[in-house]
Each structure stands twice: as C-alpha cells, then as structure tokens.
Amino acid sequence: MSHTFHIPVLGLGYSIDTPLKVARYGIPSVLSIVDDELIERMREYHLKEVDKDYIPIAKSAPDSRARRVTAYLNLLSDMVNEQFEQLKAGIFEAGSDLCRYFELLPEKALLRQGYDLMMEYPDNERKTIFQNILRQRMTKGTIDVNIMSKIDKMNFSADGEYTGNENTDALAALRGFVESNLESSIILSAGMNPRLYSYLESFSEFYPDNDGKLRKKVILKVSDFRSAFIQAKFLAKKGIWVSEFRVESGLNCGGHAFATDGFLLGPILEEFKQKRQEMLDELYPLYLSALLNKQIECDAIPLQRLSVQGGIGTAEENEFLLNYYELDATGWGSPFLLVPEVTNVDDNTLTQLSGAGEADFYISDSSPLGILFNNFKPASMEKLRVERLEKGRPGSPCTKKYLCTNTEFTEKPICTASREYQNLKINQLKTLALPEEDYQEQVNLVTDKICLCEGLCTATYLKYNISKPKENTAVSICPGPNLAYFSRIYSLDEMVSHIYGRLNLLENIKRPNLFIKELNLYIDYLQSDLEKNMKNLNDKKRKHLDKFKFQLQEGITYYKQLFNELPGQTSEMLKSFFEELGNSEIRLAGMNIQ
C-alpha cells in the first residue's frame with residue numbers, strides 16, 4: 001500500500017461513496033453498510049448518473065438487506081475498476097489525473113520516487129519503458145466496509161415470525177459483504193458480538209486460499225490492548241485471522257465515543273508496541289490449529305497491521321505516531337468532512353463546520369444506543385429536537401428502526417429517540433412524584449436522544465438532491481473535536497499534502513498536541529461523571545472514579561518520560577508541551593473524589 005493513511009467510516013452517509021472519489025488514487029477508505037435503505041438509494045443514484053438500468057431490490061424481497069449490500073458494493077467495485085483503468089491509460093503530462101496519482105503519494109514512497117526520477121528523463125524509449133513499469137505498480141485504494149457490531153436488530157416477517165439469527169441486521173450486512181466481488185476488509189467496531197463473530201466462520205472467503213491469500217479480511221477497531229487480544233483469540237480459535245488492529249482514541253474521535261477507564265492513547269499504543277510480537281506468537285498457533293481442523297493449510301504467519309486514528313491534526317503528529325509506535329498507517333476522518341470532493345456534506349452544514357470553534361463540538365448523550373456521541377451544536381437536527389420539545393411533541397418518527405433496543409414498555413424493542421418511547425417514558429416519570437429539579441433532569445436525559453438513522457443520511461440526500469417529498473431535511477453530524485482547528489473548505493490535494501507535511505493548513509492556529517487534547521477531554525469526562533454522581537456517590541462508584549483518576553495520572557507520568565527521552569524535539573516545542581501537560585496535571589490534582 002503506497003499511502004500511509006486511510007479515511008475511516010464517517011457516519012452513515014458522509015463516506016458512503018468516498019471510494020468513488022479516492023480509490024483510483026490509491027487511497028483506502030471505509031463506508032458503513034448498516035443502512036440498506038441509504039445503500040439502495042445510492043445505488044439508484046449512481047446507476048442513473050452513468051445511464052445504466054436500475055433494477056430495485058424491494059425491502060420485502062427475500063434476503064433484501066444482504067442483496068442490497070452486495071449489489072451496491074459490486075457497483076462501487078466495477079466503477080472504481082473502470083476509473084482506475086482509465087487513469088492508468090492516461091498520459092504523463094502536467095495536470096493529468098495520472099500525474100495526480102503519483103503526486104499525491106508521500107515523498108518516501110518508492111513509487112513516488114520512481115515517478116520523480118522518470119519525469120527527469122529525456123523523452124525517449126527508456127522513458128516510455130519506465131512509465132509502463134510505474135503503471136504496472138500502481139494500486140487502487142481498498143474499498144473497506146464497517147459494521148458497528150452492536151447494531152444487530154432481530155427481524156420479523158409480516159406475520160410476526162422471527163426470521164432467524166442469520167437475518168439479524170449485522171449478520172445480513174456481513175453476508176452482503178461476503179457475497180460481493182470486493183477483495184477488501186470488514187471493520188468490526190463497538191466491541192464483540194459473539195453471534196456475529198461466530199458467523200464469520202461460515203464463509204470460506206475469510207480463510208487462506210492455496211496461495212495463502214485472504215480474499216476477505218477482518219479488521220478490529222479497538223480502544224485498548226486487552227480487548228483487542230481477547231477478541232483476536234476468540235476469532236483465531238475459529239480460524240479467522242485479524243489482519244489489522246485499528247486503535248481509536250476513546251474520546252478524541254468522531255461518531256460514538258467509547259471512553260476507556262482513564263487509559264490514554266499514548267500508553268495504549270506503547271502496550272501494543274511492546275506486546276505486539278508476544279500477541280502474534282500466541283495467536284498464530286491457535287489460528288493454525290483451527291485451520292488444520294478444517295483441513296486448510298497455512299505455511300506462514302499472515303500479516304497483522306497496526307494503525308491508529310482519532311484526533312491527529314498535523315504532519316508532525318502523524319510522522320511521530322508512525323515512527324515511534326511502529327505503526328503501518330494512520331486514520332484521518334473528521335478533517336475530510338471539509339473536503340467536498342471526498343465526503344457528502346450539504347452546503348449549509350459545510351458552512352457551519354468551516355466557521356465552527358471549539359465550543360461547537362461536544363460529547364453528548366444524543367445516541368439512542370446509550371453510548372456517548374460526538375455532536376455538533378449548530379446542526380439542524382439539534383434545532384429540530386428543541387422545536388419538537390417546545391411544541392410538546394418530543395422524539396422522532398421511527399421509520400428505519402435500526403437502533404430499536406429498548407423493551408422497557410413494549411414486547412418488541414423500540415428506539416429511545418422515538419416519539420413512542422419518549423412519550424411513554426415521560427408519562428411514567430410524571431407518576432413518580434419526583435422533585436421538580438430531579439424530574440426535569442430525567443426528562444432532559446430522555447429527550448436528549450435524536451434520530452441518527454435519518455439524520456446521518458440527510459446531508460447525502462441534500463448534496464445529491466435526492467430527498468423525497470416531505471422527507472425530514474434535518475442533519476445530524478458527528479465530527480471529532482479536532483475539526484475545530486480546520487477553518488475552511490479544502491481540496492483533496494491540500495488535505496493529503498497537509499498529512500504528508502508538504503503544506504501546513506494549521507499554520508498560526510493555536511492547537512494543543514493530540515495527546516494533550518485527549519487528556520483534557522478525559523479530565524472533562526471525569527469531572528462530568530463526578531458531578532452526575534455527587535448526590536449518590538457510593539463506595540463502588542468512588543473506587544471506579546479513583547481508579548480512573550489514577551490511570552490519567554499514570555498517563556501524564558508516561559508522557560513526561562516519553563518526551564524527556566525523545567531526541568530531535570525543539571526546546572520551544574518541549575516547553576509548550578510540558579506547560580500544557582502541567583496545566584492538565586494541576587486540574588486533575590484539584591479534583592476531590594472523596
């Protein structure tokens with residue numbers, strides 16, 4: 001792989017067709033396959049754009065969810081292959097798409113160095129031979145897909161019969177990926193789902209072929225070493241190899257935020273670095289034994305990559321992470337929301353994002369899944385939520401039902417962002433005769449929830465002008481806090497050049513180091529958790545908060561040692577880092593959990 005970064009999944013719709021915009025340039029990207037309604041509409045849109053027949057796959061059709069996913073992924077694959085062949089057939093002249101492919105590459109890439117050398121050759125036969133060699137070595141960016149493991153709703157037929165485990169949302173989406181033509185990876189995020197993980201074992205595509213090649217690969221998105229190891233062992237025992245661990249900051253990221261118990265990104269990556277070989281040595285025998293039981297041969301340990309994403313903002317941070325922690329790649333997500341040629345953000349939201357400051361980005365309780373969610377205050381979905389509340393009609397109509405998990409009042413699960421649930425819950429609260437302050441606090445917790453199934457797709461429909469009549473046009477967007485420091489709309493070339501250090505888009509912008517930013521987010525999180533539990537702080541919770549605080553202090557100690565020992569750091573940079581770290585340490589020390 002020539003590029004050393006990937007574009008992670010961005011919501012539901014924001015990166016749904018990003019491969020069509022970057023894969024031909026060798027840049028890997030990820031799309032969500034959670035929402036088959038969105039997927040089907042995008043398939044219709046792209047087929048009509050190229051004057052091809054669109055044959056709908058009805059929601060009521062047999063195995064429609066898997067078939068929709070397969071059809072869309074095959075379309076992306078075909079279109080990207082066509083784009084790539086056209087690009088390779090181009091000519092090497094200034095401003096051409098072919099030259100753009102090579103000029104986007106990092107200077108350290110052998111392919112880029114070969115290109116630079118070729119361009120200095122005089123026009124002769126040797127130059128033509130050199131150009132053809134370069135063409136042969138070009139590679140497409142992978143079209144990877146993401147499933148949030150916990151989004152695994154059970155499905156029922158029209159007469160109310162359960163359609164079976166293999167037709168739950170996550171398993172059907174996985175089957176759709178497996179049956180596609182893609183040779184790429186599925187990223188499993190949000191923790192372990194044993195039913196989903198076990199289902200992987202059903203498909204030969206995840207096992208090595210006669211040449212030892214994996215047609216389909218598994219990537220785990222994780223937030224710490226221990227959980228990564230547990231999940232990888234579970235899979236290895238089934239003959240499924242984890243081809244990459246994608247470490248994501250617990251709070252300094254976009255989308256859902258999975259806070260650790262105070263474990264910071266630096267120490268987590270250090271543990272991976274120190275124990276990576278040890279883990280490999282333990283996983284491979286388990287994997288090999290499982291394959292032999294299935295009568296599959298494997299002569300060599302498969303490749304296992306390590307990458308990190310969440311809050312990276314400068315070329316210096318990017319380079320440091322790659323080199324010091326011996327990573328294979330980094331992920332850059334939220335900044336690409338300001339690159340219209342890469343992601344799907346409507347004009348109004350794009351304007352809001354480009355003019356936003358730190359206070360506009362916050363961790364919320366908005367997700368119906370009950371998981372912390374990175375939110376954006378100016379987003380139109382938040383405005384609509386408040387308007388509905390003021391009209392005495394809290395909650396959203398629930399049409400897609402992907403996040404239906406609550407059975408507090410109903411036999412079949414419903415969504416906590418739905419009008420049905422919020423009315424039932426508020427009516428229950430009214431019967432409890434709570435003090436007014438407590439009652440209002442509980443109502444706020446209920447009505448904070450927003451519809452993500454619709455809101456995270458809306459910007460895509462608006463951008464492509466494919467909204468249906470009377471369809472809600474309110475937008476939800478979930479950028480990470482790092483986006484606050486990027487303050488305008490960028491081109492793909494600008495953002496890639498920024499990542500590789502050819503250009504500095506944050507020149508003269510005051511921005512904390514990514515480790516400091518994450519630390520401060522964790523201190524804010526601890527403070528908030530402490531305030532929420534102040535009235536009823538029992539021994540169990542106090543011990544948890546104490547441990548959390550202790551881990552943060554351990555992280556601070558680690559950073560002090562790390563940056564003291566690192567060679568090549570400027571005195572000005574070190575002074576700034578230790579000053580910010582000291583301020584954070586004082587804040588933490590001032591928190592009295594007793």
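In which strand is Ser364 found? Ser364 is found in strand β9, residues 361-364; strands are DSSP runs of E with at least two residues, helices runs of H or I with at least four, both numbered from the N terminus. The model is predicted, so local features need pLDDT of at least 70 and side-chain atom pairs 80 or more, while totals for chains, interfaces and linings use all residues. Residues are numbered from 1 along each chain as its sequence is written, and side-chain values use heavy atoms, without hydrogens and water.

Ser364 has a relative accessible area of 5%. That makes Ser364 buried (under 20%; exposed is over 50%, partly exposed in between; 1.4 Å probe, protein chains only). Leaving aside residues up to four places away in sequence, Ser364 touches Ile371, Leu372, Phe373 and Asn375 (heavy atoms within 4.5 Å).

Next, the aromatic rings. Rings of Phe, Tyr and Trp (its six-membered ring) pair if their centres lie within 6.5 Å; planes under 30 degrees apart are stacked, over 60 edge-to-face, the rest tilted. The count comes to 30 aromatic pairs. Phe225 and Phe272 form an edge-to-face pair, 5.1 Å centre to centre with 80° between the planes. Phe225 lies in helix α9 (residues 225-236) and Phe272 in helix α10 (residues 265-293), so the pair ties together parts 47 residues apart in sequence. Phe225 is buried at 6% relative accessibility, and Phe272 is buried at 0%.

Elsewhere, one aromatic cluster is formed by Phe320, Tyr324, Tyr325, Phe515, Tyr558, Tyr559, Phe563, Phe577 and Phe578.
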